[in-house]
Amino acid sequence: MRSKLVAGNWKMHGGIAQNRVLLDMIVTGTAGLRGADCVVCVPYPYLSQVQSLLQPTHIFWGAQNVSQHDKGAYTGEVSAAMLADFACRYVIVGHSERRALYGEDSRTVALKFRAAQGAGLTPILCVGETLEQREATVTEQVIAEQLDAAIELLGVNALVKSVLAYEPVWAIGTGKTATPQQAQDVHAFIRNRVAAHDIGVATELQILYGGSVKANNAAELFAMPDIDGGLIGGASLVADEFITICRAAQS
Ligand code: PGA
């Protein structure tokens with residue numbers, strides 16, 4: 001039986017003072033949560049702060065990107081081992097903003113996925129189509145290419161200690177959420193594609209939905225059979241919103 005996961009993606013937002021207030025509220029507001037894990041993926045400079053604030057709590061933390069390399073002359077990059085030094089449990093890889101703005105292709109993303117797992121982190125692998133791709137009815141081909149890159153490089157068993165996140169690009173930060181059925185259809189496609197390799201891996205795989213998840217639509221999304229939680233951008237910065245979303249994921 002899969003448990004649910006709600007992951008906040010703070011993107012490039014935050015500040016020492018406001019993080020403390022937000023995290024205090026989230027910790028208090030999600031106390032006693034059952035059947036769902038909560039995680040905040042924060043900008044690198046705040047990992048130390050987040051580690052010390054969240055260590056004694058039930059909330060996990062992680063990062064939003066990682067280098068595919070272990071170490072070396074890669075100015076500005078951060079390795080998976082460095083994230084492990086701050087006890088990150090999760091790291092997002094292949095977010096559509098990384099793919100679109102920083103030219104990360106599916107092979108690079110697969111290498112980042114491997115680097116994360118190599119350091120004991122759980123990668124949250126993002127996949128998703130643009131509006132043009134959806135309108136051209138190539139959504140499944142796009143998702144398949146993004147997913148297959150990881151499976152081909154690492155083998156299907158690499159998905160055992162990982163999380164998938166389906167994030168239609170047209171729904172990110174736009175206020176346009178996929179309908180529960182639209183999301184469910186793609187989640188089922190992903191699970192079936194993994195099942196073609198290994199049914200056991202597919203059954204256990206947590207697949208999150210991301211893209212304008214809010215307090216007022218989380219419950220109906222999370223009620224779908226193949227949606228195992230959410231990857232939350234904007235609403236993860238608003239304590240009440242994020243708490244309500246975490247509660248919607250409770251069993
Ligand atoms: P959003 O972002 O919830 O603000 O749409 C989701 C994401 O980019 O992960």
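A residue counts as exposed when its relative accessible area is over 50%. The legends below refer to a predicted model.

**View 1. T137 in the loop between α6 and α7.** T137 lies in the loop that joins α6 (131-135) to α7. With a relative accessible area of 65%, T137 is therefore exposed. The phi angle of T137 is positive, about 50°, although T137 is not a glycine.

**View 2. Packing of helix α5 against helix α7.** Helix α5 (residues 106-118) and helix α7 (residues 139-154) have axes that come within 9 Å and cross at roughly 50°. Angles under 35 degrees count as roughly parallel and those from 65 to 115 as roughly perpendicular, so α5 and α7 are oblique to each other. The crossing of α5 past α7 is right-handed. On the α5 side the contact is made by S106, R107, A110, L111, F113 and R114. On the α7 side it is made by E145, Q146, A149, A150, L153 and L154. By class, the residues of this contact of α5 with α7 are seven nonpolar, two polar and three charged.

View 3. D105 sits in the loop between α4 (96-102) and α5. At a relative accessible area of 42%, D105 is partly exposed. D105 and Q146 are separated by 41 residues in sequence, and their C-alpha atoms are 8.5 Å apart in space. Q146 is also one of the α7 residues in the contact with α5.

**View 4. Packing of helix α1 against helix α2.** The axes of helix α1 (residues 16-29) and helix α2 (residues 47-54) are 11 Å apart, and the helices pack at an angle of about 30°. Because angles under 35 degrees count as roughly parallel, α1 and α2 are described as roughly parallel to each other. α1 passes α2 in a right-handed crossing. The contributors from α1 are I16, N19, R20, L23 and V27, and those from α2 are Q49, V50, L53 and L54. The contact of α1 with α2 comprises six nonpolar, two polar and one charged residues.

**View 5. K11 in the loop between β1 and α1.** K11 is placed in the loop between β1 (4-9) and α1. Phi of K11 is near 55°, a positive value in a residue other than glycine.

**View 6. Helix α8, its span and its buried residues.** Helix α8 (residues 180-195) has 16 residues, so at 1.5 Å a residue it should span 22 Å. The C-alpha atoms at its ends are 22 Å apart, in agreement with that value. Buried residues of α8 are P180, A183, Q184, V186, H187, F189, I190, R191 and V194.

Methods: Residues numbered from 1 in each chain as written. Predicted model: local features only at pLDDT ≥ 70, side-chain atom pairs only at ≥ 80, totals over all residues. Heavy atoms only, no water. Axes fitted to C-alpha atoms, helices over the stretch in contact; angles between N-to-C directions. Helix = DSSP H or I, 4+ residues; strand = E, 2+ residues; numbered from the N terminus. Parallel < 35°, antiparallel > 145°, perpendicular 65-115°, else oblique. Left-handed = near helix turned anticlockwise from the far one by under 90°. Contact = heavy atoms within 4.5 Å. Nonpolar A, V, L, I, M, F, W, Y, C, P; charged D, E, K, R; others polar. Expected span 1.5 Å × (residues − 1). Buried < 20%, exposed > 50% of the residue type's maximum accessible area, 1.4 Å probe, protein only.
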